[in-house]
Amino acid sequence: MRHPFSRLGLSLALVVPALLGSLGPASLAPGRAPRCTADTGPYQREVERGLRLTADGRQSPADCAAVRRFQQGHRVRPANGYAGLATYRIMLVVQAGTTPNRAGRCPSSAYRTVCVDLGRQLLWVQRGRRIVYAPVPVRTGRDGQETRGGPHRIFRRVRDDHSRLYANAPMPYAQYFDGGQALHGTPHDLFNGAGSAGCVNLRVPDAARLWRTVGNGDRVFVWGSRPGTR
């Protein structure tokens, strides 16, 4: 009896190696992760401190591997061991943990308050001392277009809004708190290094969750200075 592959004019000697090759080396046998070779990043020293490594600001193979493990554990992409802005900003979220208001900068009251820490570029919501929305990274106003500090209230909400000043840019889950400044999602990279035009930008899933957490009349408190602004 002829083998089925023979009817197709194929030889097992050709088919089997081709199938194995298509699986790739990682599929054939588990191995060690490829060697971490990322260069020193702009936030090297800060990330080293956060990971309790020797904070010398110089990348080593051990540093690279430790940074990559952190990135993999907290879904930072790409997880390549490079200490860039995204890694540093997610580290600030992790460090804030369940006590983001440890310094007491955001006022505690009986009202829900959206706390916006410009220095750490973090946002959370508290009611009294209870955190009702855990810290998330944000992007606030750039130099010359800073997010306005102080106490505010949410006064207008538009679920699917667009900017009337900046090329009809999407502003999903917009919650206005001071003139044209709003808390809203952005479909673009939150960690591209540039600030916003004054709004508080969030990743879209975070903005959607914030929309479900607060509403008109809830407080917003903004303080500090965004890195890179006067």
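Predicted model: local features only at pLDDT ≥ 70, side-chain atom pairs only at ≥ 80, totals over all residues.
Good morning. Among contacts in the chain between residues at least 6 apart in sequence, 54% join residues at least 24 apart, a contact being heavy atoms within 4.5 Å. Residues are numbered from 1 along each chain as its sequence is written, and side-chain values use heavy atoms, with hydrogens and water left out.

Let me begin with the overall picture. Of its 230 residues, 42% count as buried. Here buried means under 20% relative accessible area, exposed means over 50%, and partly exposed lies in between, with a 1.4 Å probe and protein chains only. The accessible surface of the chain comes to about 13,200 Å², and carbon and sulfur atoms account for 54% of that. Those areas come from the Shrake-Rupley method with a 1.4 Å probe, and for residues only the protein chains shown count as cover.

I turn to the disulfides. How many does a search of the whole structure find? The search finds two, a disulfide being a pair of cysteine sulfur atoms within 2.5 Å. One joins cysteine 36 to cysteine 64, with the sulfur atoms 2.0 Å apart. This link is left-handed, with -65 degrees about the S-S bond. Cysteine 36 lies in the loop between α3 (25-28) and α4 (44-50), and cysteine 64 in helix α5 (residues 61-73), so the bond ties together parts that are 28 residues apart in sequence. Cysteine 36 is buried at 8% relative accessible area, and cysteine 64 is buried at 1%.

The other disulfide is formed by cysteine 106 and cysteine 115, whose sulfur atoms lie 2.1 Å apart. Its torsion about the S-S bond is about -80 degrees, so this disulfide is left-handed. Both cysteine 106 and cysteine 115 are buried. With the bonded cysteines numbered in sequence order, the pairing reads 1-2, 3-4.

Next, the aromatic residues. A pair of aromatic rings is described by the distance of the centres and the angle of the planes. In this work, rings of Phe, Tyr and Trp (its six-membered ring) pair if their centres lie within 6.5 Å; planes under 30 degrees apart count as stacked, over 60 as edge-to-face, and the rest as tilted. The whole structure contains five aromatic pairs. One of them, tyrosine 43 with tyrosine 88, is stacked, at 4.8 Å centre to centre and 10 degrees between the planes. Tyrosine 43 lies in the loop between α3 and α4 and tyrosine 88 in helix α6 (residues 85-96), so this pair ties together parts 45 residues apart in sequence.

Tyrosine 173 and tryptophan 211 form an edge-to-face pair, 5.9 Å centre to centre with 65 degrees between the planes. The pair links distant parts of the chain, strand β6 and helix α7, 38 residues apart. Tyrosine 173 and tryptophan 211 are both buried. Elsewhere, Trp124, Phe221 and Trp223 form one aromatic cluster.

Arginine 157 lies over the face of tryptophan 211, at 3.9 Å from the ring centre. Likewise, arginine 219 lies over the face of tyrosine 111, at 3.5 Å from the ring centre. The criterion is NZ of Lys or CZ of Arg within 6 Å of the ring centre and within 35 degrees of the ring normal.

Finally, the backbone. Most residues other than glycine have a negative phi, and most peptide bonds are trans. The peptide bond from arginine 77 to proline 78 is cis, with omega near -5 degrees; proline 78 sits in the loop between α5 and α6. Glutamine 121, which is not a glycine, has a positive phi of about 55 degrees. Glutamine 121 belongs to the loop between β1 (112-117) and β2 and is buried at 5% relative accessibility. Tyrosine 173 also has a positive phi, near 60 degrees, and is buried with a relative accessible area of 18%. Thank you.

Conventions: Helix = DSSP H or I, 4+ residues; strand = E, 2+ residues; numbered from the N terminus.
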